[in-house]
Each structure stands twice: as structure tokens, then as C-alpha cells.
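Work through the two exercises below with the sequence and the structure side by side. Try each task before reading its solution.

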Amino acid sequence: MNYNYHTHTARCGHASDAERDYIETAIAAGIKHMGFSDHMPFLFPNGRESESDYRIPVMLAEDYFKTLHALREEYKDKIRLHIGFEMEYYPNCFQEMLAYAKGLGAEYLILGQHFLDEREDVNVRPSKLTESEETLKTYTDCVVAAIESGVFTYVAHPDLCRFVGADSIYYRETARLLDAARQTKTPLEINFLGIRDGRHYPMEKFWKLAGEFRVPVTFGFDAHDAEAAGDLTSLPRAMELVEKYNLNYIGEPTLKKI
Ligand SMILES: [Zn+2]
Ligand SMILES: [Zn+2]
């Protein structure tokens, strides 16, 4: 594995270390293609400030690109750097968010559906244990619409929704997501942060189905600190899933320029 397009920076408020250290770690681990995809800054129309502990503050957006452009130039003989964002799909704000990302100069986007709508309320985090069919459906609707928009390079942790209700509901909804990914050839990420932190994802029941649907699968470190920017220790577990469920692992994803 010599690529990783899922990297954060300290600007989002819940990551640490200097970009330079992420890059140095990645180079030492043999990474040749690296993408920064920090949580996208945005001022929501409902007045929610992005100045939270979750997103890059809008006032630091320019600095994100300035810093990374300089490092891209400095390290160009050792590693190819790309600069994008991880972004949610909210039906009410999608076009505005996309236009804003383009305007800032983002090269690519990955989808990370951490919330169900622009209120970004803690009560509707899909990663929380839930038996709600409604939550799973809304999550799936967002991810499917995002996939069908054709702008996302891949879907990060598609198995984020921690649904523990009836299997029949889980399979029905997950099949919709997988079908969209298969039709559009959109890769789904096995997320290494989930592996190294022992989170509920990668979720076995999701990847079992993903194998049956033959969706394209890729890997991402989801680095929130410099050490994780070369996280090859999670690779054996990811490969184990690929083999166990006969996943269609494509390796490095093709960047979709926005
Ligand atoms: Zn994060
Ligand atoms: Zn991430």
C-alpha cells in the first residue's frame, strides 16, 4: 500500500501534529500518493458556526491551502500531495458546500457522513448505537445521493451507521448503498482509524454484503496524528477482511477532480 487519501490536520480541532510530520511519516512508510482531506470548513445557513471542534474554522481555510501548497512544492520529489476535503452530504446545502469547496481550490472530496443533516446535532450522529430504522434510512439516503452526485472520490467508513436493529432492515438499506456504489463504480473505504481504535467499524456484516455486491473497495488511514499517516499496522486486518469476504480491492482510488 503506497497511497493514502484520508488525512486530517490540527485545524479541525480534534487532530494533532504539524503537517510536515504527517508527510515525513508517510514518506518513511513508503507512501507515494498522499491526500489531505480535513473536515471541510463551512458556515451553515442556519447559523451554525464551523468554529467548533469538528471542522476547519472558515478563517483558517486559506491557511490550510497555503501551508499545504508550500509543503507540496517542498516535498515534490519524494511524495505526490493532493489537497481536498472530507465532506458530508446534506440535501439542503450540497450545492453550496460543493461550490465553496471548489472556490477554495479543493482538488477532491471524500464523503464522510458523520451527521444526518446540517444541524449536526449530537442526537443524530449515525455512529451512535441505534435501533432506529429512520436513522439508518436517512443515513443511507444521504450516502446514496452523495454517490449518485458523482463528485466524491470515495466513501470513507461507509459502515459508520451503528444500526443494531433487525437484520432484515440493515440488509435492505445497506443493499441500496452497495447497489449505488456498484452502479457508479464508487470505491468504499475500509477505515484504518476504526481498526486501530477498535471502533465499531469496519463492521463485519457490512463487508460481508459488500463482497456479495462486488463493490470496489479501497483503504484509508484517516490520520488524525502524524504517526497514523503511515499506519501500516492496520493493513493486515484490512487484508484479512478482503480475503474473508472476497472483496473487490482495487488498491489506490482514482481521484475525481471537482
Ligand atoms: Zn476527524
Ligand atoms: Zn476522516
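**Exercise 1.** Which protein donors does the zinc ion (ligand 1) have?

This is a predicted model, in which local features need pLDDT of at least 70, side-chain atom pairs count only at pLDDT 80 or more, and totals for chains, interfaces and linings use all residues. Residues are numbered from 1 along each chain as written, chains are lettered from A and ligands numbered from 1 in written order, and side-chain values use heavy atoms, without hydrogens and water.

*Step 1.* Donors are N, O and S atoms within 2.8 Å of the metal (3.2 Å for Na, K and Ca); water is not among the atoms, so sites may look incomplete. His-14, His-39 and His-224 each give NE2, at 2.0 to 2.1 Å from the zinc ion (ligand 1).

*Step 2.* Along the chain, the spacing of these donors is H-x24-H-x184-H. His-14 is in the loop between β1 (3-4) and α1 (19-28), and His-224 in the loop between β7 (216-220) and α8 (235-244), so the pair ties together parts 210 residues apart in sequence. Helices (H or I, at least four residues) and strands (E, at least two) are DSSP runs, numbered from the N terminus.

**Exercise 2.** Find the bridge partner of His-39 and follow the chain onward from its strand.

*Step 1.* The partner of His-39 in β3 is Glu-86. Strands pair if DSSP finds at least two bridges between them; seven join β2 (residues 33-39) to β3, running parallel.

*Step 2.* Glu-86 also stands opposite Ile-110 in β4.
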